[in-house]
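Welcome, and thanks for taking a look at this one. Please have the sequence and the model open side by side as you read.

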Amino acid sequence: MTIKLSALAAKLGLEYTGADRDIAGVNTLEKAGPDDLSFLVNPKYLHQLETTKAGCVLTSGSYAAKVPCALLSENVYMDLARVANVFARPQGCLEGVHTLAFVHPDADVAETATIYPFAFVGEGAVVGSDTVIFAGAYVGEGTVIGKGCILYPNCVVMGGLTLGDNVILQPGAVLGGDGYGYAQTPFGHMKIPQIGTVAVGDDVEIGSNTAIDRAALDTTRIGRGTKIDNLVQIGHNVEIGEHCLIIGQTGIGGSSVIGNGVVLAGQTGVPDNVRIGDGAMVAAQSGILGDVEPGAKLAGSPAIPAKAYFKAVGVCTPKLPELFKRVKNMEKELAALKAAAGVSDE
Amino acid sequence: MTIKLSALAAKLGLEYTGADRDIAGVNTLEKAGPDDLSFLVNPKYLHQLETTKAGCVLTSGSYAAKVPCALLSENVYMDLARVANVFARPQGCLEGVHTLAFVHPDADVAETATIYPFAFVGEGAVVGSDTVIFAGAYVGEGTVIGKGCILYPNCVVMGGLTLGDNVILQPGAVLGGDGYGYAQTPFGHMKIPQIGTVAVGDDVEIGSNTAIDRAALDTTRIGRGTKIDNLVQIGHNVEIGEHCLIIGQTGIGGSSVIGNGVVLAGQTGVPDNVRIGDGAMVAAQSGILGDVEPGAKLAGSPAIPAKAYFKAVGVCTPKLPELFKRVKNMEKELAALKAAAGVSDE
Amino acid sequence: MTIKLSALAAKLGLEYTGADRDIAGVNTLEKAGPDDLSFLVNPKYLHQLETTKAGCVLTSGSYAAKVPCALLSENVYMDLARVANVFARPQGCLEGVHTLAFVHPDADVAETATIYPFAFVGEGAVVGSDTVIFAGAYVGEGTVIGKGCILYPNCVVMGGLTLGDNVILQPGAVLGGDGYGYAQTPFGHMKIPQIGTVAVGDDVEIGSNTAIDRAALDTTRIGRGTKIDNLVQIGHNVEIGEHCLIIGQTGIGGSSVIGNGVVLAGQTGVPDNVRIGDGAMVAAQSGILGDVEPGAKLAGSPAIPAKAYFKAVGVCTPKLPELFKRVKNMEKELAALKAAAGVSDE
């Protein structure tokens with residue numbers, strides 16, 4: 001599609017500089033052509049303004065003067081999202097309930113919902129209006145899916161779960177698999193049936209092949225607006241607050257409680273039964289050991305305050321071989337001094 | 001469902017204190033209501049006995065006196081499993097072989113097995129009695145699945161594999177994908193066909209989106225009673241013993257041999273070609289470097305004995321910046337003393 | 001199947017020593033029987049030549065004299081791959097397009113392609129000759145799949161993607177799920193529509209349950225001949241060069257650029273927006289912090305040159321408790337010397 005810059009600006013309520021022109025797409029400064037809109041936020045890429053062929057650059061005031069045509073924004077990422085929405089074409093190529101879908105006669109599927117071939121909707125399940133369930137997705141018995149949700153191909157929502165509105169499950173995401181709970185017995189590990197559920201709030205997005213276990217008892221909860229990346233593991237009875245960012249390959253052990261607005265960077269490990277306070281930020285590959293204060297910034301495994309970590313592990317640890325030499329050297333010198341001073345070791 | 005406490009106690013062969021009452025569910029001390037049974041094992045939650053609204057608490061002798069109604073147990077987790085079994089309702093809503101399933105005419109499916117729509121059972125595959133194969137699950141040609149197994153939605157068991165009885169595969173688990181094996185050639189990495197298989201013992205459970213590769217040659221083995229959590233990676237030709245616990249996001253490299261009763265905590269990495277002895281326990285996020293003695297307790301990356309790790313990395317490492325200052329200070333003082341003593345550096 | 005050693009040798013253009021015999025399979029030295037061919041590369045297993053029952057051993061010159069029958073090779077792993085190809089039987093039991101597959105009327109599927117039941121091929125998708133799409137696999141609208149590809153069960157290739165020839169997707173692999181991109185707004189995290197794509201070169205293999213995100217804008221690229229293991233996470237707009245090895249559970253953050261011939265060992269983390277030069281090798285569980293020079297060998301989290309890492313973290317860190325004692329001891333001695341010398345602390 002192509003849209004006039006003037007029309008795009010009007011649609012978004014933004015001003016622009018330079019001459020009006022056709023905009024046919026969105027791309028990075030490096031790769032955009034004369035029909036593309038590009039964007040600039042990170043000063044690291046400022047030098048690319050000089051060489052970009054982009055027809056127009058979405059950016060904030062100070063940078064705008066550097067290009068002949070700018071779309072002016074006070075929150076570039078937000079307006080980039082809005083621009084991309086104009087050019088985005090949703091995934092998929094079917095509408096309605098396909099004859100090769102399985103929809104249990106006692107399921108309740110909204111008229112405006114789309115169910116692809118090979119999708120499964122179990123007994124008593126509810127699928128809200130405008131929700132799209134792609135091929136191979138599974139909705140278990142009694143599960144309630146809200147309005148405007150997207151279940152991408154081959155994701156699984158086991159029975160008895162609840163999803164709010166506008167929830168997005170990327171392909172292969174699994175919600176409501178059994179939690180990992182066994183009793184030690186003389187005959188081996190006895191499975192503790194996982195009779196709880198999972199409840200997912202509105203506007204939650206869950207990444208490809210992520211796994212969120214059902215509670216042993218009660219409910220595993222994902223709060224409104226929280227975004228979970230790919231290949232994340234959420235244990236049984238975990239409670240995650242609102243507007244958190246849980247980044248790729250992070251794992252959270254059973255019954256831990258994560259506050260609101262928490263950021264866990266990639267490959268972080270959170271053990272069982274800890275609490276992470278609101279607004280805490282944890283660096284990539286950290287290993288949390290215990291409760292975390294609200295607003296804390298941690299790094300390392302075991303995790304400590306990020307500044308202390310980067311000083312201790314980032315700066316000091318690589319110098320350890322040198323430190324060992326310095327200490328050894330001092331020991332010799334000290335021994336020599338003691339000898340000279342006539343002090344003997346007892 | 002609701003059951004009299006007296007009937008529940010009789011069913012489990014346990015005694016109870018206090019008056020008989022209706023029990024309608026099981027929940028945590030914090031969330032249980034007057035119709036719920038709760039439980040207490042961990043003394044960390046002892047204080048919750050004072051405020052819980054649970055109608056009855058499953059617990060061991062010493063705690064039982066603190067509540068008006070207790071169900072008495074000598075292995076609370078085991079009896080919790082048995083109680084949960086009373087209240088558990090298995091997942092699923094269909095029985096028999098569905099007309100939208102694909103069952104190869106030369107497959108051998110037991111009469112009491114259940115095959116959901118969109119499940120695939122290949123040529124020559126065998127499915128044992130009472131086994132349930134959910135929607136979207138794949139059973140390759142020649143694969144033999146035992147009795148009483150559950151293959152949850154979208155799990156994959158490639159061709160030529162063997163699963164024992166009562167095996168549970170959580171959604172999205174993949175067994176028998178090709179191992180990662182390439183020969184270096186002048187033309188790039190040449191794939192070594194993975195012509196081995198996977199054999200899974202009785203009572204094994206495998207978590208959501210976990211991947212267990214087929215052997216290059218011979219067999220990748222998972223021993224009886226071993227429980228594998230979500231998003232675990234098991235390389236080709238790995239052999240895991242009986243009754244192990246392999247926790248979320250752990251990875252085990254090719255041809256490594258894990259003994260019986262081993263515990264690998266979350267996000268642990270085990271390289272290729274090492275042996276881990278019976279009963280070894282490895283802390284979360286550890287990185288194993290070589291063979292591990294039976295009964296060893298390790299932590300860290302690279303992993304060392306857990307006690308030494310917590311002292312060296314947990315206690316000492318964060319104090320390194322201070323240690324560097326102390327050493328620098330001593331160096332100055334030492335130089336001053338040497339000067340005072342008339343000793344010169346050569 | 002069984003083949004004469006002489007016929008096998010002729011087929012591969014190799015010489016053999018000893019008498020001709022029937023070869024019925026391939027196995028490890030430890031497990032091979034008299035009808036099996038085995039192989040030896042790693043001197044660690046040299047002692048097994050004395051006890052192996054293998055009928056013949058594929059190996060290089062110096063080892064060949066130690067066994068009565070050897071198949072002589074100058075690149076044992078490569079010839080093992082070629083031998084295994086002789087004995088390999090491809091997965092699967094169907095041919096052609098099955099009536100229970102969904103193929104959009106506007107898709108273009110080659111006559112020699114195979115589409116299993118419950119596979120989905122969307123509008124405008126192209127499937128090349130001899131390509132096999134297993135049960136439950138999803139090919140989105142407009143996606144182009146080359147010749148000779150294998151899409152194993154339940155893998156997902158979203159719409160608008162491009163795969164070259166001879167690409168292998170192991171079960172559950174997901175290509176083209178949305179990248180993880182949100183704009184911070186006063187109303188929470190606003191999704192930035194991911195309007196880019198994924199392009200995968202010829203001869204690429206992608207492991208079970210691995211996730212490769214579509215670009216926010218433009219293209220996520222996987223270069224020709226690159227082999228990606230299981231449970232790997234590749235962020236949006238990542239560009240990976242040719243002939244790389246990306247090993248299990250590694251994660252690569254958005255927009256990072258990986259050169260040619262790079263090896264990232266298991267559970268490595270690469271952040272957003274860094275460049276890793278050609279031929280770099282990164283040890284398991286490393287955490288990259290910034291750009292990496294071509295040919296660098298790194299280890300640790302944060303990653304530093306591998307030799308320095310093993311000295312600092314492998315050798316020195318475990319000795320820290322002892323070092324702290326030595327320093328404390330010196331401080332005491334130094335204080336004593338200063339006192340003896342009549343030097344006072346200010």
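Here is a short briefing on strand pairing and on one interface.

This is a predicted model, in which local features need pLDDT of at least 70 and side-chain atom pairs count only at pLDDT 80 or more, while totals for chains, interfaces and linings use all residues. Residues are numbered from 1 along each chain as its sequence is written, chains are lettered from A in the order in which they are written, and side-chain values use heavy atoms, without hydrogens and water.

**Strands**
- Chain C holds an open sheet of nine strands with parallel pairing, ordered S8-S11-S14-S17-S22-S25-S28-S31-S34; strands here are DSSP E runs of at least two residues, and a pair needs at least two bridges.
- Its edge strands, S8 (108–109) and S34 (275–276) of chain C, each pair on one side only.
- Within chain C, S25 (residues 219–222) and S28 (residues 239–240) are joined by two bridges, and C:Ile222 has C:Ile240 as its bridge partner.
- In chain A, four bridges link the antiparallel strands S20 (residues 182–185) and S21 (residues 188–191), a hairpin with two residues between the strands.

**Chains C and B**
- The contact (heavy atoms within 4.5 Å) takes 72 residues from chain C and 72 residues from chain B.
- In chain C, C:Gln91, C:Phe118 and C:Phe324 lose the most area to chain B, where area means accessible area (1.4 Å probe) lost on being put together.
- Five salt bridges are counted between chain C and chain B, taking a Lys or Arg side-chain nitrogen within 4 Å of an Asp or Glu carboxyl oxygen.
- One of the salt bridges joins C:Lys338 and B:Glu333 (3.0 Å, N to O).

Methods:
Buried area = accessible area lost by both parts, 1.4 Å probe.
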